[in-house]
Amino acid sequence: MDAIPVMLELASVKKDEVVFDLGSGDGRIPIVAARDFHALARGVEIRKRLVEQSRALAKDLELSRRVKIISENFKKVDLRPADVLALYLSSYTLNLLAPKFIEQLRPGVRIVNFDFPIEGWKAKREIEFKPKATRSICMS
Ligand SMILES: C[S@@+](CC[C@H](N)C(=O)[O-])C[C@H]1O[C@@H](n2cnc3c(N)ncnc32)[C@H](O)[C@@H]1O
């Protein structure tokens with residue numbers, strides 16, 4: 001949780017920008033992007049339970065208009081609307097997705113990765129991050 005605002009600041013997320021999280025899990029990245037950065041957040045998640053959980057959380061937080069969770073394999077999702085990708089995926093998966101990024105992302109789209117690099121891609125900026133504690137998304 002502590003890393004998410006740092007990631008979104010690093011990507012300079014602005015109001016109404018479209019932020020994708022591929023493999024959005026419990027929805028924490030899309031929710032923080034919408035709640036704290038006023039982005040239009042798009043999570044893509046393959047596990048139905050996590051899709052339902054994250055949609056329910058967005059609804060509870062009255063963020064359903066800004067947070068859309070797409071129940072789909074991220075390989076099939078059109079990334080052309082994206083302004084920012086905020087990702088927490090393994091290098092293996094990122095490397096598989098890299099050709100899709102090159103094909104679909106417009107020039108100027110920012111990609112921010114937590115923890116794992118994309119092989120052969122050089123980051124414009126890298127920062128070291130030390131978590132304060134494990135926190136749940138439900139806390140404000
Ligand atoms: C490391 S977790 C990251 C979760 C979340 N983004 C976060 O930062 O807490 C990766 C997520 O990707 C999802 N996932 C794996 N393969 C996927 C695929 N092909 N399409 C959509 N989601 C996928 C998993 O179910 C899991 O929730």
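How do the residues of the shell around the ligand divide into nonpolar, polar and charged? Six are nonpolar, four are polar and five are charged. Before I go on, please keep in mind that this is a predicted model.

Let me stay with the ligand. There are 15 residues around it, and D21, G23, E45, N73 and F74 come nearest. Two of these five also have polar side-chain atoms to report. For D21, a polar side-chain atom lies 2.9 Å from a nitrogen atom of the ligand. For E45, an N or O atom of the side chain is 2.6 Å from an oxygen atom of the ligand. The backbone takes part as well: a polar backbone atom of I46 is 3.3 Å from a nitrogen atom of the ligand. As for area, the ligand taken alone exposes 610 Å², and the protein buries 74% of that. Which elements give two or more residues to the shell around the ligand? They are α2, residues 28–37, and β2, residues 40–45.

That brings me to β2 and its neighbour in the sheet. β2 runs parallel to strand β3, residues 67–71, and five bridges join the two. To pick out one of them, G43 has I69 in β3 as its bridge partner.

Now the start of the chain. P5 sits in helix α1, which covers residues 3–10. Is P5 buried, partly exposed or exposed? Its relative accessibility is 28%, so P5 counts as partly exposed.

Last, two backbone angles. S12, in the loop between α1 and β1 (18–22), has a phi near 50°, which is positive in a residue other than glycine. With 39% relative accessibility, S12 counts as partly exposed. The other case is D115, in the segment after β5 (110–113). Phi of D115 is positive too, at about 80°, although D115 is not a glycine. Why does D115 count as exposed? Because its relative accessibility is 54%, and the cut-off for exposed is over 50%.

How values were computed
Residues are numbered from 1 along each chain as its sequence is written. This is a predicted model: local features need pLDDT of at least 70, side-chain atom pairs count only at pLDDT 80 or more; totals for chains, interfaces and linings use all residues. Side-chain values use heavy atoms; hydrogens and water are left out. A residue is near a molecule or strand if one of its heavy atoms lies within 4 Å of it. A polar contact is a pair of N or O atoms within 3.5 Å; within protein, one must be able to donate a hydrogen and the other to accept it, and residues adjacent in sequence count only if both atoms are side-chain atoms. Accessible areas come from the Shrake-Rupley method with a 1.4 Å probe; for residues, only the protein chains shown count as cover. Helices (H or I, at least four residues) and strands (E, at least two) are DSSP runs, numbered from the N terminus. Ala, Val, Leu, Ile, Met, Phe, Trp, Tyr, Cys and Pro count as nonpolar, Asp, Glu, Lys and Arg as charged, and the others, Gly among them, as polar. Two strands pair if DSSP finds at least two bridges between them. Buried means under 20% relative accessible area, exposed over 50%, partly exposed in between (1.4 Å probe, protein chains only).
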